[in-house]
Each structure stands twice: as structure tokens, then as C-alpha cells.
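Hello,

Here is the structure I promised to pass on. Please open it and keep it beside you while you read my notes.

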2 protein chains.
Amino acid sequence: MDKLTHFIHIIDEEIQKRPFNKEPQQLYQPLNYTLGLGGKRIRPALLLLANDLFGGKQALAIDAAIAIEIFHNFTLIHDDIMDNAPIRRGHPTVFKKWNVNTAILSGDVMLVESYKLISTCESVVLPEVLKTFNKMAAEVCEGQQYDMNFETQQNITIDDYLKMIELKTAVLLGASLRIGALIAKASVTDVNHIYAFGQNIGIAFQLMDDLLDVYGNPEKFGKQVGGDIISNKKTYLLLKAKELAKNELKKELEFCLSSKTLSPENKVNRVKAIYSQLKIKELTMNEMNHFYNTAIAHLDSIEVPNEKKLVFEQFAKGLMQREY
Amino acid sequence: MDKLTHFIHIIDEEIQKRPFNKEPQQLYQPLNYTLGLGGKRIRPALLLLANDLFGGKQALAIDAAIAIEIFHNFTLIHDDIMDNAPIRRGHPTVFKKWNVNTAILSGDVMLVESYKLISTCESVVLPEVLKTFNKMAAEVCEGQQYDMNFETQQNITIDDYLKMIELKTAVLLGASLRIGALIAKASVTDVNHIYAFGQNIGIAFQLMDDLLDVYGNPEKFGKQVGGDIISNKKTYLLLKAKELAKNELKKELEFCLSSKTLSPENKVNRVKAIYSQLKIKELTMNEMNHFYNTAIAHLDSIEVPNEKKLVFEQFAKGLMQREY
């Protein structure tokens, strides 16, 4: 078993060991429900991995790791209300299973519980850990706001989009790694490099998600391939196509986006044909590789023996080679 | 000008000096809007007052004071969604002026902003300050949950009710004072006494609110006298009446609570007549005085010269002697 998998198991065990058995149950049950639905536990495991990379003690980092997972789940509970999403990890979302008020208030107390855990860090690292956590938490809210704005906003640029996915997704990966490194008392330079590794990998990951939605293996993908195209979702691919399409191709793209008569299948095929002419897949992969390579450059700059960094490199490669 | 008023002015000035000029505006505008609606600024002023009582430096406490005010306003934004309240301080609530999603997400980032400020405390007091803040924040959520539960729940006891108002209202007063004292590096005993002073005064304050809703001066009260009676709100007065009413009086109370034909005016008069027979006003005042006296006893036990404590005593007296 590799180290990442090992840490994922540890996080799962820890979460099972610490149910919220507090009153009022109406407030705390949704926390146990949400945390019990699983999830990949990647973020807290990365925190432990970063802590381990710099020789930190696991016992000093475990609360912060759980804090990250609880924070992540808080964002899911509130995002699901805002996105009106009925299902999460194959189960009803909190606001569907209970109601909106419960989802708001349980989400709130979940955010507070994440702060309770992050506050238990050793006092010598506490101010820096909190600074990282606070900044990340505000940025994740900003990312969600931009994401909601984009739904109705026209003329989103590629830069706007990259900023949004950085805030909504990537900073949490970066912060998880940074906090693990801070708890291990890594040097300022190394702490910044591991943060930048996570941040860049996070953006690359999201671009891969955009790619897989169109070009993923339908048998492995688990959701409808082309879903983003059908819903006109402003992904990197669509924004790039809008930027590059001229004349007839521009008209064809505009027709596909606005037509109410086109069948979903035809729409996917015709937009894919546009993407193909504009080499959107290749351009997206180039962008993704740019962020991937930047991440790896930061990893390379960290001053620990290379063999200790291998697990991070494998993790990064794994994200880029996935088919779903 | 007394010290409390002085500190209230300082808080008002500080809030004006620090608008949230960050992007995306859709996220941060509601914070400025809410903080700009005013409010009494009692909680942050009490924090500064407690800091001053123990000889603390104002400059070291001001961020924490603003954090308390921002936290309080976060709870208002989310509570107003849950309570479906259209008006706050004479203006539309955030979810009415914008929408529910904005109110959820702006509330979230507001909670994070309060943590950013509380995290800037001197590192030597930071762990204890955070512990107080975290505990208070979770308890306020618990109080709101109990309050919502009570709307549909039968057989609420007086103890349930006192617990709810303690969590929903009183612990924030206690925590404000406690944090001010912690920043001033007061002794553990004094820190606990000032917390207990705030907590007990907070409960007494809420009982006074219940009394004023029925017996307040209609010209000064600003809202409909008897509103709690008309809406069957489970206040201390109603719960006490339910506990004590027997036989005919019990039937009369049940009739008033369930009748759909009784005019609001008649309902208020008939319930007040029941309260009068059962001496509910006197019993509530006794309970209120019990909490008031407990608060004053804690104040008396604080080891600073009595003249420095006068402002707290006056504040407490003022709360108990108000007519609205």
C-alpha cells in the first residue's frame, strides 16, 4: 500500500472514531451523515503526506487533517443548496434529506467545528496555520461566488475561468499541503513550494475534469459524457472555442449554444466537431500540462531527498492519467 | 460621555474605516450593507470595556471587538433566512434585498472574516481566545437550532427555554467579555467571573425582553405590545403559565392558544388576565432578578477596585430598568 492510500485509511478511521454525539441532534446529525457518505479524503491525506515529507509527527497533524475534511464537507452542504443539487455521492443532499434551514445551520456549525480542530495546532505554528486556513476559506467562498456569477454573465475570459477554478478548487489542495508543512515546521521556502505544487495541480486537475467530460471513457466516467456541452457550461474548452471561432465556425457554435431544437446527441457531436477543427483538446492539454509542469517544478525545488517526493509525483501523474 | 458610549463610538468609527472593498463585489457588498445598518454595537464595546477593566491595551483588542460584531452580524444574516424575516433594523434583510444564495455565501465569508480578525490576537493569548470564540460560535448555532425546534415541539420546559436563550443570546455577551479579559491577560478566576457576569446578564436581558413584549410602554416599545401572545410564542411567561395553570384556568389558556376566532386584542387581554391570576409578571421578575443578582455577584468577585466596575453595574442596571 502506498503512503497516500495509507493516510487515506487513517483519515477514514479517525472520522469513524469521532462522531458528533452532541445535542441538539437536529443540528449535528447532518454532519455525521455528510462525513459518513465517504468521499476520497484526498485533501486531509495530502496534509498528512506533506507533514510526513518534512518529518512532522502525525499525531500533531491529525486534527488539522480532519479540520480540512470537515471544512470541505461544509462547503459541499452549502454549495448543494446554492446549486440546487439533489444528489451527492449517490445519496440525497442535506437540504433535500432535511431542509434548507437545517442545511444552512448544520453547515455553519460544521465550519465552526473545522475551526475548533484547526485551533488545536501547536501554539508556535498556530498563527501561520490559521492565516493559511482563513485565507483559503475566504477564497473558496469567492470561487463559489464567481462560479455562480458566471452562469448568467457573458464574456467570461479564460483568465476569469482559471481564477475561478483556482479559488474554488485549487487553493484548498494548496492550503492542505501548506498546513501539513507548517505543522512539520518546514522552511518558509519549502512551505511556499508545496503550496504552489498543490495549487497548480489543482488547476490541472480541474482542466482534466473539463476534458474528461467531453473525451472521457463513457464506460468509466460514471456520468453522461458531453454533459457540459449539453448544459452550455462555461468550461475551459467552451471558452477557448468561443475565443478562437471566427466567421462560419463562430455562427455554428452560436447556433449550437442557442438552438432549442437540436437533440442532445446532435449538439454534442456538432460542438465536438467545432472543438476538433479548433484543436481545443490539444490546446486544453497544453494548458493543463503547463500547470502540471509548474507543479512539478515546485516539487523539484523542495529541499528534501528526491525519493521522499516520489509519492507526490505519482499522485500528480495519477491525476493526469485518469480516464474518469 | 460614559466609557461604554465612548467604546461604542470607537467601534462605529472602526467599522466605517474598514469597508470590505474586495472582489467579487456580489459576495462582499452584503457585509458592508449589514454592518452599515447600525445596531447597538454593545457586544464589541463590552469586549473593549472588559479589556480596559483589566488594564489591557485597546490597540490589542480592537480587532477582536470587530470580530465579535462581524460574527454577530453573520448570525443575523443566516437567522433572517431561517426565520423568513423580511426587515432588519428598518431595512430589507440580505436574503430579501439580494437572494437566499447570496445571503448564505456572504454569511459564510462573514464568519470567515470574523475568524481572520480574531486570529490576529497576540499569540500568547490566541489559543484561549480561539477556544472561547469557537465554543461560543457552536453554542450560538445550537441555540438557534433549539429555537427552531421549539416552534413545532410541545412540552418545552422552563429549563429548556432558559438553556435556549443562554445559548442563543447570553453566551455571546459572556464570550465578548471573556475575550476582552483574556487579551488583557486577566487571571483565570477573573476571566471566568466576567464571563459569568455576561452570561447571567444576557439571560436576565432576554427575560426582560419577554416581559416588555407584554407589559412594555406601547409608546416606547416600537413594536406591537402583545405580539408574543398573539403568535403563541413560547416565552418564559407562556411556559410558566402553562406550568401553573390548572382546571378552568388551564382550559381558558388552551382556548386562547388554539382559538381561531378570538380577535388579537381579546386574545392579548384574556391571556394577560390569566398571567395576572397566576402572578406571571412577578414570577418572571423574580427569575430575572435571580440572574441579575448572580451576574452582580460575579462582578463583585472580580479582583479590581470597585470604582472600575461601576460602568458594568450601570450597564446591567440600565438593561433591567429599560422600558423598551
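**How the two chains meet**

The contact draws 35 residues from chain A and 35 residues from chain B. Keep in mind that this is a predicted model.

Together, chain A and chain B bury about 3,200 Å² between them. Carbon and sulfur atoms make up 71% of that area. Which elements of chain A give two or more residues to the side that touches chain B? They are α2 (25-36), α4 (58-82), α6 (100-118) and α7 (126-152). Of these, α7(A) gives the most, with 14 residues.

Now the polar side. Between chain A and chain B there are 10 residue pairs in polar contact, with both residues at pLDDT 80 or more.

**How the copies are related**

Rotate chain A by 180°, with 0.0 Å of shift along the axis, and it superposes on chain B with an RMSD of 0.0 Å. The two copies are thus related as by a two-fold rotation axis. Also, 100% of the interface residues of chain A are interface residues in chain B too, so the copies meet through the same surface.

**One helix to look at**

Find helix α16 (residues 306-321) of chain B. It has 16 residues and reaches 22 Å from its first C-alpha to its last, close to the 22 Å expected. Several of its residues are buried, among them B:Phe312, B:Phe315 and B:Leu319. An α-helix has 3.6 residues a turn, so residues three or four places apart point the same way. What covers the buried residues of α16(B)? The cover includes α1 (3-17), α3 (42-53), α8 (158-183), α9 (188-215) and α15 (280-301) of chain B.

Best wishes

Definitions and conventions: Residues are numbered from 1 along each chain as its sequence is written. Chains are lettered from A and ligands numbered from 1 in the order in which they are written. This is a predicted model: local features need pLDDT of at least 70, side-chain atom pairs count only at pLDDT 80 or more; totals for chains, interfaces and linings use all residues. Side-chain values use heavy atoms; hydrogens and water are left out. Copies are superposed by least squares on the C-alpha atoms of residues with pLDDT of at least 70 in both. Contact means heavy atoms within 4.5 Å. Helices (H or I, at least four residues) and strands (E, at least two) are DSSP runs, numbered from the N terminus. The expected span of a helix is 1.5 Å times one less than its number of residues. Buried means under 20% relative accessible area, exposed over 50%, partly exposed in between (1.4 Å probe, protein chains only). Buried area is the accessible area (1.4 Å probe) that two parts lose on being put together, summed over both. A polar contact is a pair of N or O atoms within 3.5 Å; within protein, one must be able to donate a hydrogen and the other to accept it, and residues adjacent in sequence count only if both atoms are side-chain atoms.
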